[in-house]
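Please have the sequence and the model open while reading.

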Amino acid sequence: MYERFLSERIAKLRTMKKVSARDMSLSIGQNENYINHIENGKSMPSMQVFFYICEYFKITPQEFFDEETRDPAQMKEIVTDLKTLDEKQINNIHEIIKDLKR
């Protein structure tokens, strides 16, 4: 179950980042087919390489496994930006979000 999730999540995050499996493999210090093998279910990353993968996507392992967040790196950036706003600005954004959900 988790093997499939892991391979699909890496593929999705990599595609969103618009990078090839080869380029990602080389960027995390692995051979050029490494990510392709994970995405095709032929292998699993070690814990150390999994952490490199998370660093590559600029997310935490917790964010990696959060299925409800489609783009964890973007969500992290949004939350960081929200933390710089005052209460009135945050309330205004919250109202916009609620309106968009309708």
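In total, 7 salt bridges turn up when the whole structure is searched; a salt bridge here is a side-chain nitrogen of Lys or Arg within 4 Å of a carboxyl oxygen of Asp or Glu. The model is predicted, so local features need pLDDT of at least 70 and side-chain atom pairs count only at pLDDT 80 or more, while totals for chains, interfaces and linings use all residues. Residues are numbered from 1 along each chain as its sequence is written, and side-chain values use heavy atoms, with hydrogens and water left out.

One of these bridges pairs arginine 4 with glutamate 8, with 2.7 Å between the closest N and O atoms. Both residues belong to helix 1 (residues 2-17) and are 4 residues apart, about one turn of the helix. Helices (H or I, at least four residues) are DSSP runs, numbered from the N terminus. Arginine 4 is exposed at 59% relative accessible area, and glutamate 8 is partly exposed at 44%; exposed means over 50%, buried under 20%, and partly exposed in between (1.4 Å probe, protein chains only).

Arginine 22 takes part in a salt bridge with aspartate 23 (3.8 Å, N to O). Arginine 22 also bridges to glutamate 32, where the closest N and O atoms are 3.4 Å apart. Glutamate 32 sits in the loop between helix 2 (21-27) and helix 3 (34-39), and arginine 22 in helix 2, so this pair ties together parts that are 10 residues apart in sequence. Through shared partners, Arg22, Asp23 and Glu32 are joined into one network. Arginine 22 is partly exposed at 43%, as are aspartate 23 at 38% and glutamate 32 at 40%.

Methods. Helix = DSSP H or I, 4+ residues; strand = E, 2+ residues; numbered from the N terminus.
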